Amino acid sequence: MRFRDIEFRWSKHNNKYELVKWYQSNGSGQENCYVVAFFDKDKEGYDMRTIGDRFFEDKDAWVVGKYALEFLNAIFQIE
């Protein structure tokens, strides 16, 4: 799920859900991304682990992160 420049997705590399921020490279027009937060699963549900201040630098990250955490914990309850 992507909202503006923030995407909630499954990472095959890290084997967990994550939030990433997309941005345009200087001059090349190529889109790149970096991780804003990870979602860790434990016996009680999911927790969000932010990377430094990245999560707080973009209000869209807060919106998508809140939605993602609610979504994952709802799925956890069903399992």
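The model is predicted, so to speak of local features a pLDDT of at least 70 is needed, side-chain atom pairs count only at pLDDT 80 or more, and totals for chains, interfaces and linings use all residues. Residues are numbered from 1 along each chain as its sequence is written, and side-chain values use heavy atoms, leaving out hydrogens and water.

**Strands** (DSSP runs of E, at least two residues, numbered from the N terminus)
- Strand β3 (residues 16-24) runs antiparallel to strand β4 (residues 31-42), with eight bridges; strands pair if DSSP finds at least two bridges between them.
- Six residues lie between β3 and β4 in their hairpin, where Gly 27 has a positive phi near 75°.
- β4 also pairs with strand β5 (residues 45-50), again antiparallel, over six bridges, and a hairpin of two residues joins β4 to β5.
- Ala 37 in β4 is the bridge partner of Leu 19, and Ala 37 also stands opposite Thr 50 in β5.

- Asp 60 counts as buried because its relative accessibility is 11%, where buried means under 20%, exposed over 50% and partly exposed in between (1.4 Å probe, protein chains only).
- Contacts of Asp 60 (heavy atoms within 4.5 Å) include Phe 3, Arg 4 and Ile 6, leaving aside residues up to four places away in sequence.
- Phe 71, at 35% relative accessibility, counts as partly exposed.

Technical notes
Helices (H or I, at least four residues) and strands (E, at least two) are DSSP runs, numbered from the N terminus.
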